[in-house]
Amino acid sequence: MIAAFSVTPLGMGEDVAEAVAAAVKVVRASGLPNRTDAMFTSIEGDWDEVMAVIKAAVEAVKPFAGRVSTVIKIDDRAGVTDGLTRKMESLERHLAD
């Protein structure tokens with residue numbers, strides 16, 4: 001499965017980069033395939049692995065704020081591996097046409 005998620009500390013003003021970096025460090029240390037952009041982090045693995053990493057990312061943000069908002073979108077497709085890369089390769093092929 002692929003999960004795209006964002007973790008946002010609430011009540012600490014506009015600059016949340018330090019708190020978000022703490023979450024991204026957890027994701028990168030997980031060893032699971034992942035990508036981070038300006039809005040979301042995507043991570044790929046099985047359900048339990050991915051959910052454990054998301055939970056740890058939320059926990060990493062909690063020291064920065066008493067309230068944390070988390071948004072998660074999941075693409076759970078049986079038999080697919082390397083979905084993060086394959087989806088982008090497919091998109092790029094269509095863009096090249």
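Which strands and which helix each supply at least two residues of the lining of the largest pocket? Let's build up to that pocket view by view.

This is a predicted model, in which local features need pLDDT of at least 70 and side-chain atom pairs count only at pLDDT 80 or more, while totals for chains, interfaces and linings use all residues. Residues are numbered from 1 along each chain as its sequence is written, and side-chain values use heavy atoms, with hydrogens and water left out.

**View 1**
Helices (H or I, at least four residues) and strands (E, at least two) are DSSP runs numbered from the N terminus, and two strands pair if DSSP finds at least two bridges between them. Strands of a sheet pair through backbone hydrogen bonds, either parallel or antiparallel.

**View 1. Here is strand 1 with its partners, strand 4 and strand 3.**
Nine bridges link strand 1 (residues 2-10) to strand 4 in the antiparallel sense. Along this pairing, look for leucine 10 opposite arginine 67 and proline 9 opposite valine 68. Strand 1 also runs antiparallel to strand 3, joined by four bridges; here isoleucine 2 has glutamate 44 as its bridge partner. Seven of the nine residues of strand 1 are buried (buried means under 20% relative accessible area, exposed over 50%, and partly exposed in between, with a 1.4 Å probe and protein chains only).

Ala19, Ala22, Ala23, Val24 and Val27 are the buried residues of helix 1. They pack against strand 1, strand 2, strand 3 and helix 2 (47-61), where contact means heavy atoms within 4.5 Å. Just after helix 1, glycine 31 takes a positive phi of about 85°.

**View 2. Glycine 11 sits in the loop between strand 1 and helix 1.**
Glycine 11 counts as exposed because its relative accessible area is 87%. Threonine 85 is 74 residues away in sequence and 35 Å away in space, C-alpha to C-alpha.

**View 3. The largest pocket has a volume of about 350 Å³.**
Now for our opening question: strand 1, strand 2, strand 3, strand 4 and helix 3 each supply at least two lining residues. Helix 3 gives the largest share, four residues. Of the 15 lining residues, Ile2, Ala4, Ser42, Leu84 and Met88 lie nearest the centre. On a 1 Å grid over the protein atoms alone, a pocket is an open set of points with protein on both sides within 12 Å along at least five of seven lines, and lining residues have an atom within 4 Å of a point. Grid points are joined across faces, edges and corners, and a volume is the space filled by probe spheres set on the points.

Terms used: 1 Å grid on protein atoms, 1.4 Å probe; cavity = no way out; pocket = protein on both sides within 12 Å on 5 of 7 lines; lining within 4 Å.
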